[in-house]
Amino acid sequence: MSFVQTYRKPKVFGLTVLGGLVLGALAGWLGKGTWLAPVLAKIGSTFTALLQLTVIPLVFTAIVVGIASLRNLGGGRTAARLGGKTFLWFAITSFIAVLIGLAVAAIIKPGQGVRIEPAAGAVDKLAKRASGSWNALLDNLVPTNIFSAFTEGEVLQVVFIAVLVGFAAYALGEKAAPFTNLVRSFFDIVQKVVGWIILLAPIGIFGLIGNAVASYGNSFVRPLFSLIVAVYLGTAIVLFAVYPILLKVVGKTSPAEFFRKSWTAIQFAFVSRSSGATLPLSRKAATDLGVSPEYANFAVPLGTTTKMDGCAAVYPAVATIFIANLFGIQLSVWQYVGIVLVAVFGALATAGTTGWYTMLTLTLSVVGLPPQVIATGVAVVYAIDPILDMMRTATNVAGQITVPVLVARSEGLIEEPAEEQELVNA
């Protein structure tokens, strides 16, 4: 077996990624304030740019192919039932996640007694940035120009277009077969490119983690330690308790088997901070767990853009309470209800790379905090967002793999779990 074949094996690749993470942290610690820090930043930013390059074409082709593939699972009623169950489980797990976020924040009380003042420039910059709102969500859902949605990287609009095109191809059946085959071929090509980029993950992670360690010192992180603990604890409960229980009870799947098959995807999501870039690994994990490829092609890409328990449920709940505590604001019962409702029904607002910002500002607006409080509070949490985003994204991806397993089990679409193959057939 060649070196490349050995390197592609999930266990070997996972250890290599872990090595990159450890070495990156050491390099960041040693290189803080030296020439090494900008080098690490450049390595990390280049790797991130490569990942982001593939997100739009990957999301579009995956959703179109996934919807068209539902024809192989039965008629329109079957497709509607699968879609309905998928969205229902998205909502159920989001509801559980936001309740855990509220409970953890109520116990830890992040932000209470903290005194911190962000830079005035950061506050002004974020105050001018478009905040999340229901009207903005609806206004931005439908593109005025189909091409601008792709060129400007509007993920939510791309999802909307992909769903329309996918269902049109599904309705046309054989008439749309040439188009569907073309999109499927493009999807395979994009996956191949992503596979090559993923092989560079240990180097990219070396730069990303090194830059994070070199950039953040105790002077700012320490006052926000309660927020970090609350977010990590809340997401860890969802990731290591809620999902395993649901998998065991509903999905009839061993949690140990789940983590064995999905750990590479979860680990990659943690360091890359991108659900979209992790999509090939997430889809592979779902099929390795026995989910029918036809259903996995639909559910996993859809979950990648709309199913984010870390960014859309746990984090907004914890961060909202943190900001309220920071300014000594006591939230009412109805404001807590508002946080829950936004988490359950606002998942689409998180589509894209700035999902956490949209979801947090949407939650803060629904709660009714003053604009200046929102701008200042977001500026504070923004400073350590990369640290928080790693665990949020890992939780997102775990949920994006869990829900397809739950639905596939209830529909009899679970096959015998596949043996581990080379990493995304890179």
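**Salt bridges in a predicted model**

Good morning. Please bear in mind that the structure on the screen is a predicted model.

What does K85 form with E411? The two residues form a salt bridge, and their closest N and O atoms are 2.8 Å apart. Helix α4 contains K85, while E411 belongs to the segment after α20, so this pair ties together parts that are 326 residues apart in sequence.

E411 has a further partner. R81 also forms a salt bridge with E411, with 2.9 Å between the closest N and O atoms. This pair likewise links distant parts of the chain: R81 sits in helix α4, which covers residues 76-108, and E411 in the segment after α20 (385-410), 330 residues apart.

Is E411 buried or exposed? E411 is buried, because its relative accessible area of 18% falls under the 20% limit. R81, by contrast, is partly exposed, at 39%.

I turn now to another pair. D309 forms a salt bridge with K307, and here the closest N and O atoms are 2.6 Å apart. D309 counts as buried, with a relative accessibility of 1%. K307 counts as buried as well, at 0%.

Finally, how many salt bridges does the structure hold? There are seven, and the pairs I have described are among them. Thank you for your attention.

How values were computed:
Residues numbered from 1 in each chain as written. Predicted model: local features only at pLDDT ≥ 70, side-chain atom pairs only at ≥ 80, totals over all residues. Heavy atoms only, no water. Salt bridge = Lys/Arg side-chain N within 4 Å of Asp/Glu carboxyl O. Helix = DSSP H or I, 4+ residues; strand = E, 2+ residues; numbered from the N terminus. Buried < 20%, exposed > 50% of the residue type's maximum accessible area, 1.4 Å probe, protein only.
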